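Me: Please take me through one part of this structure up close. I would like to see what surrounds the positions that a database record picks out.

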Amino acid sequence: MKVIGDLTGVRGAEMDEVVVEETIVVGSAVAGAEEATVVFAGSDVADENWVIPGSGVAAESERRVVVGFALTKKKVNSFMQPKLLSLARKKGIFFVEIDFNRPLSEQGPFDVILHKLTDEEWRHSLEGFQEEHPEVTVLDPPYAIQNVYNRKSMLEEVAALNLSNSYGKVGVPKQLVVTCDPSSIAMEVEKAGLAFPIVAKPLVIDGTAKGHELSLAFDQASLSLLDPPLVLQEFVNHGGVVFKVYIVGDAVKAVRRKSLPNVDRRNLGNTEGIIPFPRVSCAAAPADEANLEPGVAEFPPTALLESLAKELCCRLGLRLFNIDIIRKYGTRDQFYVIDINYFPGFGKMPEYEHIFTDFLLKLVPNKYMKHPACA
């Protein structure tokens, strides 16, 4: 079993791995004769008395919050940053890697399970575990995650919400799901009355880079080059800026990223074909406010984003996701949600370490004992 966290009481950042002579089951005092590997982030702190959860040394009142995680290696590398692990340790949070070679029911006990895996075997295993252990918080339920892996169902909740208040109006671009033969797409688009240019996105997000690729189609002839199943959306001019709104429980944080530039519809007759885009927005492409028009650079009203986040948390049944939202160019208060992502790259979210650890502690308040360093 791997425990990801800082080991205080051991001096020197070079100590990355400690092999102990007993098997420590997190959250219990059970120990066997087999070796176990406990992996820690290096620490130079040696003045605190810390106990590995379940070692039998800590009193019941000192038990910490144990978070089991099931993530891809890529997600572990991007999310489990040293700053997060250090802060989590100070707050009494331990991240434990789930062993896929053992039944989930034989591991733990956990207070929280954090996951982002898409295969059916894991899903069934986790759903069975939830039935047996309703006291464990699962972030997030597999059935809820499936809804945002399908771009049709993902945006249906936004459209049904029809959010409109004094701060603005939020909707979705006009869209069409196509599963037909590519040669029939043009006819389907004409029936639906979609205007060019049209954004084409994979219908299903499958956990690969391909699930986030998109194309911009400028004319009917080019539609036959697309590869269904797809979601086709009318392209909305938005000044080349997308707002990525991160939701962690009750916390809402927005960042500004570069996006596709405006399209001059008066010159559409001079443009044809398809332009592919591997991925539009990323952490390496922040939108510099100094180079943007004031109306484009301005963030959506906080009250509007908080209202939208709260409603979607309830409708989607999710607590860890982000929304890609754009402002229609030339307006101040007309917004469109164009994508929703479960458990996105929170490392790109400002102050995510504090926000995420506070969120975890709120999930299990009765287990949390404030450490003097956090007072």
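Reply: Asp-339 is buried, because its relative accessible area is 7% and the cut-off for buried is under 20%. Keep in mind that this is a predicted model.

Why look here? UniProt, in an unreviewed entry, lists Asp-339 and Asn-341 under "binding site". That annotation may be inferred rather than shown by experiment.

Start with Asp-339. Its place is in strand S20, which covers residues 334–342. Leaving out residues up to four places away in sequence, Asp-339 touches Arg-151, Met-154, Leu-155, Lys-201, Asn-322, Ile-323 and Asp-324. With one of them, Arg-151, there is a polar contact between side chains, at 3.2 Å.

Now move to Asn-341. This residue also sits in strand S20. Asn-341 has 10% relative accessibility, so it counts as buried. Setting aside neighbours within four places in sequence, Asn-341 is in contact with His-212, Leu-320, Phe-321, Asn-322 and Asp-324.

Next, the nonpolar surroundings. The largest nonpolar core has 60 residues. Ile-340 and Phe-346 are among those with the most contacts inside it. Beyond its neighbours within four places in sequence, Phe-346 is in contact with residues including Leu-320, Phe-321 and Ile-247.

Finally, follow Ile-247. It stands opposite Val-252 in S17. Strand S16 (residues 241–248) and strand S17 (residues 251–258) run antiparallel, joined by eight bridges. Two residues lie between these strands in the hairpin, where Gly-249 takes a positive phi near 65°.

Terms used:
Residues numbered from 1 in each chain as written. Predicted model: local features only at pLDDT ≥ 70, side-chain atom pairs only at ≥ 80, totals over all residues. Heavy atoms only, no water. Core = buried A, V, L, I, M, F, W, Y, C linked by side-chain atoms within 4.5 Å. Buried < 20%, exposed > 50% of the residue type's maximum accessible area, 1.4 Å probe, protein only. Contact = heavy atoms within 4.5 Å. Pairing = 2+ DSSP bridges. Helix = DSSP H or I, 4+ residues; strand = E, 2+ residues; numbered from the N terminus. Polar contact = N/O pair within 3.5 Å; in protein donor to acceptor, adjacent residues only side chain to side chain.
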